[in-house]
Amino acid sequence: MTFAGALAALTLLPLGALAHLRMSHPSMYGFNVSYHTFDYDNRPEVPLQYYNFNQWWFHNHLNYPPHDGDVFEFPAGGSATIEIGCNKGWTSYFASDDGRTDLRDGSGKCCGGDAPPASVHAANFNDVAGCGIGIVDKANVHDIKPEDFAIFSANHTCPWFTENVFHVPADMPACSQGVCHCAWFWIHSPNSGGMQMFMNAFKCKITNTKPTAKKIGKPQLARRCGHDPVLNRDGDPKNCTVGAKQPLYWLQNERNNMFEGYYDPPFYNGLYGYKNGAQDDIFVDEQGNYEGSSGGSTTTTTKAAAQATTTTTKAATTTTTAKSNSTPVNNDGNVQSGPSTSSSSSSSNSNSNTSSPNTLASSGKNKHCTKRSTNKKRKRDLIKDGKKAHKKKSGGLSSLFS
């Protein structure tokens, strides 16, 4: 099929098939998993929702590790660029994609310049909810538990662009065994398509560390504390989690740590205390306490945490970790489109149906949903892409974009 034909077919696909995104780098678990690897579509770009633990954890790619030596590098005090696309064809790693076709068009957008905002589950650029990068200092992947990951960097404009810059705290310590494990996490806006979460895990290491590097504290649950412009709900800085925060595990059959409603998801942005850029508040002193806290309290906030609760901004930053060989794009905090040079090549418990302890109290019936769009078409799209979207797709046009 020609590229033009593929684009024409793309317009016929349902929204849920359009808005599949993945990280691309050889350090990934499941980097080369294709549409045919599993008895269901478990490519890295396929979203995760209503899965059992072994299906969503590491995207069920634990048996598809990267090659030895394929480790992603994050320089302490610097930044690294992670490529995200609708599939590998939209990244510099297109040659290892099933189609082996370079789909990039110079726009710098993760699914191409002609793709609608719905391709990233957003109504527009300002509706992008942000991504987080977590790390755990364990070399043996089978020793890792969900609560071990600590989010050390967030990008509030992710994943609008192919290349997404993640800034690294200057005090990050080296991996004690030479290699760590990291993961890219994303939960999107509820304003476009069915709800889900995304997780792609990979081997990583911290470089450029200094002798005074600090220890990352034990990650705690993130708490909703920022201003919510969608629901016009004021933030509460006192509700912010102080220090290192876990990823947001949400909308699965088991092992969730977030229990927000389907139309009110948690995000990797100021709404949950993840500031844009390096998470510099994740470190503890020799006594194991966070700066400004008492005994490691997670209910009082430092000035830095309070600042993280403001409405997400798209402030422009610069980076020297990636180069561009295509048309420049003003991506407000990300780099121009083109290949990155920043990196080298359990038991399960069912979750509860109780309300999340991490959300702010709200008054009035169905407060979380009253200001969402509730037209019939949107509801049909959300329900269609919801609980049914995780089932195996029956071939057809979706295989064109494996």
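P159 sits in the loop that connects β5 (150-155) with β6 (163-167) of this predicted model, where helices (H or I, at least four residues) and strands (E, at least two) are DSSP runs numbered from the N terminus. The peptide bond between C158 and P159 is cis, with omega at about 10°. For context, most peptide bonds are trans, and most residues other than glycine have a negative phi. Residues are numbered from 1 along each chain as its sequence is written. Because the model is predicted, local features need pLDDT of at least 70 and side-chain atom pairs count only at pLDDT 80 or more, while totals for chains, interfaces and linings use all residues, and side-chain values use heavy atoms, with hydrogens and water left out.

Two further backbone features involve phi. F58, although not a glycine, has a positive phi of about 55°; F58 belongs to the loop between α3 (53-56) and β2 (72-75). N232 is likewise not a glycine and has a positive phi of about 55°, and its place is the loop between β9 (215-216) and β10 (277-278). F58 is buried, at 1% relative accessible area, whereas N232 is exposed, at 53%. Here buried means under 20% relative accessible area, exposed over 50%, and partly exposed in between, with a 1.4 Å probe and protein chains only.

β6 also takes part in an open sheet of 3 strands, ordered β1-β3-β6 with antiparallel pairing; two strands count as paired if DSSP finds at least two bridges between them. β1 (22-24) and β6 are the edge strands, each with a single partner, so one side of each has no neighbour in the sheet. On average, neighbouring strands of this sheet are turned by 45° against each other, direction ignored, with axes taken as lines fitted to C-alpha atoms, for helices over the stretch in contact, and angles running from 0 to 180 degrees between N-to-C directions. Strand β3 (residues 79-85) is joined to the antiparallel β6 by 5 bridges, and E83 faces E163 of β6.

Overall, the protein has 5 helices and 11 strands, and 55% of its 402 residues are buried. The average pLDDT, the predictor's confidence in each residue from 0 to 100, is 76, and 68% of the residues score at least 70. Residues 1-17 stay under 50 in pLDDT and have 19 contacts beyond four places in sequence, a contact being heavy atoms within 4.5 Å. Residues 294-402 are also below 50 in pLDDT, with 247 contacts in the model beyond near neighbours in sequence.
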